[in-house]
Amino acid sequence: MSEQTQLTVFYDGHCPLCVKEIRAMKRADKENLLQLENIHASDFSQRYPEVDPVEADKLLHAIDHNGEWLTGLDVTVKAWQLVRRHRWLGVLRWPVIRPVADGCYRFFARYRQQIAFLLTGQRRCDRCVDDA
């Protein structure tokens, strides 16, 4: 993690919807606060031996500049807050809403290939693995 990086996000570079969101985050990250790492990169395990790519493929993972691990919607909300976009997502962390939002996220994460196919016609995005 570079000195300026506030959050390293480990994402599924084979998921068309995930890649689309990561690209949007990258465009919004004017201060280079995010480090975006594709868990399917050929050298991922060598660079991040502490990250289990199988678990990271099940649920979005990130580590912040203090070494704190985040997963699921906590990652999404934190990343968008850092780049000063979609601040309304903080509502998803409110105690009353959090369990429902997390359940919806887990459903999305589990079925993202099928959902991506319904929305984009693609289950996997093999050609965008290294260019997000």
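Residues are numbered from 1 along each chain as its sequence is written. In this predicted model, local features need pLDDT of at least 70 and side-chain atom pairs count only at pLDDT 80 or more, while totals for chains, interfaces and linings use all residues; side-chain values use heavy atoms, with hydrogens and water left out.

Helices (H or I, at least four residues) and strands (E, at least two) are taken as DSSP runs and are numbered from the N terminus. Four strands make up an open sheet of mixed pairing, in the order β2-β1-β3-β4, where two strands are said to pair if DSSP finds at least two bridges between them. At the edges stand β2 (34-38) and β4 (69-71), each of which pairs on one side only, and from one strand to the next the twist averages 20 degrees. In general, the strands of a sheet pair through backbone hydrogen bonds, either parallel or antiparallel.

Strand β1 (residues 7-11) runs parallel to β2, to which five bridges join it, and Leu7 has Leu34 as its bridge partner in β2. With strand β3 (residues 61-64), β1 pairs in the antiparallel sense over four bridges; here Leu7 stands opposite Asp64, and Thr8 stands opposite Ile63. Five of the five residues of β1 are buried (under 20% relative accessible area, with exposed meaning over 50% and partly exposed in between, for a 1.4 Å probe and protein chains only), so β1 is largely enclosed by the rest of the structure. Leu7, Val9 and Tyr11 point one way from the strand, whereas Thr8 and Phe10 point the other way.

Strand β3 is likewise covered on both faces, with His61 and Ile63 buried on one side and Ala62 and Asp64 buried on the other. Three bridges join β3 to β4 in an antiparallel arrangement, and the bridge partner of His61 in β4 is Thr71. The hairpin of β3 and β4 has four residues between the strands, and in this hairpin Gly67 takes a positive phi near 85 degrees.

Helix α4 (residues 73-82) lies across β1, β2, β3 and β4 and runs at about 110 degrees to β4, the angle being taken from 0 to 180 degrees between N-to-C directions of axes fitted to C-alpha atoms, for helices over the stretch in contact. The axes of α4 and helix α1 (residues 16-28) come within 9 Å and cross at roughly 25 degrees. The two helices are therefore roughly parallel to each other, a term for angles under 35 degrees, with those over 145 counting as roughly antiparallel, 65 to 115 as roughly perpendicular and the rest as oblique. In the contact between them (heavy atoms within 4.5 Å), Glu21, Ala24, Met25 and Ala28 of α1 meet Thr76, Ala79 and Trp80 of α4. These residues divide into five nonpolar, one polar and one charged, where Ala, Val, Leu, Ile, Met, Phe, Trp, Tyr, Cys and Pro count as nonpolar, Asp, Glu, Lys and Arg as charged, and the others, Gly among them, as polar.

Positive phi values also occur in residues other than glycine. Asn32, in the loop between α1 and β2, has a phi near 55 degrees. His86, found in the loop between α4 and α5 (98-110), has a positive phi of about 50 degrees and, at 38% relative accessibility, counts as partly exposed.
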